[in-house]
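The sequence and the structure are shown below.

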Amino acid sequence: MSKIQFPKPGNFIYPVPAVMVSCQSADEKPNIITIAWTGTVCSDPPMAYISVRKERHSYQMIKDSGCFVINLPDKDLARACDYCGCTSGRKVDKFKECHLTPAKSSVVSAPMIEEAPVSIECKVTQIIPLGTHDMFLAEVVAVHVDEKYMDEKNAFHMDDIGMFAYEHGTYRELGAKLGTFGYSVRKKPTASKSSSSKKPKNPASQAIKAKKKNASSNKNSNKKASVHNSKTKNAASSRNKKKN
């Protein structure tokens, strides 16, 4: 492999999530902002982050309310996801334009997107100025999922959602499964010594073996018969000599 240095350093960590963040402050209509700079930062307590440009309409709403909701879209929401990243809530009602429903959250004041298969309620704990973006660190205080992706054992099947990612200016569906967590170090199952684990017998090979066995058996039988006949013949000859 031969590599060259890219002319200018930049954000080359792709693919990244493409999420729809819903927010609302006092005396403001609910809004949606599309975010790609987002992710998990801690497991316990569960924490996430979003990075937002200060000039975005949603920036001040999130700062004032101290909360937001990360909504994971499926591929049916891909167009709405793109639209909410290309238009400003100062000019349009994105919920109305995208035919989406603001739903009441259980903990925070920001609404969820009813049509999104996953909605993650977040409460801001810290705002970190970085440069073009400020990072909103937040604690995850509630998670809502579409019940149709839950099975009878109360397990959530995220693979069935049909999510997509953002990759260097392009939205892409997630591809085929390559493995599961820990598959690279998981021990391979040992071969069973039971008869069921044995390789199936080759019928042609078995027929050849049977033929050879029969031929050998016939040969031995013929040999025994020849010996027996020889002994009988010798005995008869000996008796005739005595009579004479």
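## Contacts of Glu97

In this predicted model, Glu97 is in contact with Tyr83 and Val92 once its neighbours within four places in sequence are left aside. Tyr83 and Glu97 are separated by 14 residues in sequence, while their C-alpha atoms are 9.2 Å apart in space.

Glu97 itself belongs to helix α3, which covers residues 94-97.

## The open sheet

Seven strands make up an open sheet with antiparallel pairing, and their order is β3-β2-β6-β9-β10-β5-β4. The edges are taken by β3 (31-35) and β4 (38-42), each of which has a single partner strand, so that one side of each is left without a neighbour in the sheet. With direction ignored, neighbouring strands of this sheet are turned against each other by 35° on average.

## Strand pairing and helix packing

Within the sheet, strand β2 (residues 19-23) pairs with strand β6 (residues 67-72) in the antiparallel sense, over three bridges. Met20 has Asn71, in β6, as its bridge partner.

Helix α2, formed by residues 78-86, packs on the sheet and touches β2 and β3, and the direction of the helix makes about 100° with that of β3.

Key. Residues are numbered from 1 along each chain as its sequence is written. This is a predicted model: local features need pLDDT of at least 70, side-chain atom pairs count only at pLDDT 80 or more; totals for chains, interfaces and linings use all residues. Side-chain values use heavy atoms; hydrogens and water are left out. Helices (H or I, at least four residues) and strands (E, at least two) are DSSP runs, numbered from the N terminus. Contact means heavy atoms within 4.5 Å. Two strands pair if DSSP finds at least two bridges between them. Axes are lines fitted to C-alpha atoms, for helices over the stretch in contact, and angles run from 0 to 180 degrees between N-to-C directions.
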